[in-house]
Amino acid sequence: MPNIDEPDLADIQLGPVLHALSDPTRLAVVLQIQADGERCCGALAVDVAKSTLSQHLRVLREAGITRTRACGNQRWVSLRRDDLETLFPGLLDVVLRAADRRPSRVPG
């Protein structure tokens, strides 16, 4: 199945990427995907309602940080690491390293 509502590489902008990465819940999601690779949306360990998680995943997808793949009734999320590295070399690594060092405020 095709990917769901993600921007083309040329449409990814720094502002929305930084905004998406500024939220602790979204950062927790990105850290989990970074650590484990593609994850089923239902397997993400964050302490928010499903509807809230869906909104966070939408922000990440629309910013161009993640790719969402539909497989039956499940949605699988992966990082668009290569695309982000092409556009903003080193940005994701720096943000994730900084986020991984600070105490987590999002249980999970």
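Visitor: In what order do the strands of the open sheet lie?
Guide: In this predicted model, local features need pLDDT of at least 70 and side-chain atom pairs count only at pLDDT 80 or more, whereas totals for chains, interfaces and linings use all residues. Residues are numbered from 1 along each chain as its sequence is written, and side-chain values use heavy atoms, with hydrogens and water left out. β1 (39–40) and β2 are the edge strands, each pairing on one side only, where strands are DSSP E runs of at least two residues and helices H or I runs of at least four, numbered from the N terminus, and pairing requires at least two DSSP bridges. The 3 strands, with antiparallel pairing, have the order β1-β3-β2.

Visitor: How many bridges join β2 to β3?
Guide: Between β2 and β3 lies a hairpin with 2 residues between the strands, where G72 takes a positive phi near 65 degrees. Within the pairing, R67 has S78 as its bridge partner in β3. The two strands, β2 (residues 66–71) and β3 (residues 74–79), run antiparallel, and the number of bridges joining them is 6.

Visitor: Which residues form the covered face of β2?
Guide: In a regular strand, side chains alternate between the two faces of the sheet. In β2, R67, R69 and C71 make up the uncovered face, while the covered one is formed by T66, T68 and A70.

Visitor: Which members of the largest nonpolar core touch the most other members?
Guide: A nonpolar core is a set of buried Ala, Val, Leu, Ile, Met, Phe, Trp, Tyr and Cys residues joined through side-chain atoms within 4.5 Å, buried being under 20% relative accessible area, exposed over 50% and partly exposed in between, with a 1.4 Å probe and protein chains only. Of the 26 residues in this core, those touching the most other members are L21, V29, V30 and I65. The elements α1 (14–21), α2 (24–36), α3 (50–63), β3 and α5 (91–101) each supply at least two core residues.

Visitor: Which element gives the most to the lining of the largest pocket?
Guide: The largest pocket is lined by 15 residues, with C41, G42, L53, S54 and L57 nearest its centre. α3 and β3 are the elements that give two or more residues to this lining. With 6 residues, the element that gives the most is α3.

Key. On a 1 Å grid over the protein atoms alone, a cavity is a set of points where a 1.4 Å probe fits but cannot get out, and a pocket is an open set with protein on both sides within 12 Å along at least five of seven lines; lining residues have an atom within 4 Å of a point.
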